[in-house]
Amino acid sequence: ALSMTRYDVITPPRFIGFGNFARMAKDPLFAIALKNTVIFTAMSLPLQLGLGLALAVLVNREIRLVGLYRAAFMVPWVSMPVAVGLAWMWMFSTDFGLLNYVLDLFGIPPQPWLRSTTLALPSVVIVAAWKQMGWDMILFLAALQGIPQHLYEAAALDGASAWQRFRHITLPLLQPVLFFVTIVTIIVCFQTFDMIWVMTQGGPGDATNVFGLLIYRQAFAYGRMGYAAALSVVLFAIVMIVTFLQYKFIGERVSYELG
């Protein structure tokens, strides 16, 4: 309802029909935020899934202190996004950051991680993947522990290597969880706001200005509640369409059978 009004909180809403949606077509910030969000999601998705799955395979073993490792990998996910953002801001600092200190040990000049229009978005992608990997790990770990061990034993007796067992047994049986984690990760990436706001506030320029930041600014910085509501409706529609397409073209191929 608000998306079809001009509303600034102070004065009563005024109905303007699809005016807010028509405005988006002419708003350059809308195109920039949408592009940044798509790029952020495309970069984050494989990194988060890869890290989560790798960690799950790593801790799905009978090794000493495995419980401690599992808990340690979960710490980023249970940490507050603001705290994570502040900690990584220090690590990415151009003048005294830990990452530039390590680069200096190898004779590489310091990098302006969060001040560069080319490095800022990949930098926040790294932080997002680091924070989310623990949640992905737990889901993958639960799925790995549900795979019958006799399948691996039979494959080993047939001479299958570790990679062949992973490719032909583990990955096919992880399809349902992999599909679920992919959908949730895409939704989370499209809604990302707080961590990027703390680290870059959408800068430098508009290099990290994602959809969540655009909605926030329009609503609370400029008082354009109606326009912000319209942006939120569009965000919901995009996420719904992407999720539907995943179910349509990927979900139907997912097997939920062990055999």
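Predicted model: local features only at pLDDT ≥ 70, side-chain atom pairs only at ≥ 80, totals over all residues.
Biologist: What makes the peptide bond that joins G203 and P204 a point to mention?

Modeller: The bond between G203 and P204 is cis, with an omega of about -5°. As a rule, most peptide bonds are trans.

Biologist: Why are helix 4 and helix 6 called oblique to each other?

Modeller: The axes of helix 4 (residues 81-91) and helix 6 (residues 120-145) cross at roughly 130° and come within 11 Å. Angles of 65 to 115 degrees would count as roughly perpendicular and those over 145 as roughly antiparallel, and helix 4 and helix 6 are therefore oblique to each other. The crossing in which helix 4 passes helix 6 is right-handed.

Biologist: Which residues in helix 4 meet which residues in helix 6?

Modeller: From helix 4 come P81, V84 and W88, and they meet I126, V127, W130 and K131 of helix 6. By class, the residues of this contact are 6 nonpolar, no polar and 1 charged; Lys is among the types counted as charged, so K131 of helix 6 is the charged one.

Biologist: How do you know which helix gives the most to the lining of the largest pocket?

Modeller: The largest pocket has a volume of about 390 Å³, and its lining consists of V57, N60, R61, L144, Q149, Y152, A162, R165, F166 and T170. Helix 7 (149-157) and helix 8 (162-173) are the elements that give two or more residues to this lining, and helix 8 gives the most, with 4 residues. The lining of the largest pocket has 5 nonpolar, 3 polar and 2 charged residues.

Biologist: What lines the second largest pocket?

Modeller: The second largest pocket holds about 250 Å³ of space, and of the 14 residues lining this pocket, K131, Q132, V188, T192 and D194 are the closest to its centre. Helix 2 (28-59), helix 6, helix 9 (175-190) and helix 10 (194-199) each give two or more residues to that lining, the largest share, 3 residues, coming from helix 6.

Conventions. Residues numbered from 1 in each chain as written. Heavy atoms only, no water. Axes fitted to C-alpha atoms, helices over the stretch in contact; angles between N-to-C directions. Parallel < 35°, antiparallel > 145°, perpendicular 65-115°, else oblique. Left-handed = near helix turned anticlockwise from the far one by under 90°. Contact = heavy atoms within 4.5 Å. 1 Å grid on protein atoms, 1.4 Å probe; cavity = no way out; pocket = protein on both sides within 12 Å on 5 of 7 lines; lining within 4 Å. Points joined across faces, edges and corners; volume = space filled by probe spheres on them.
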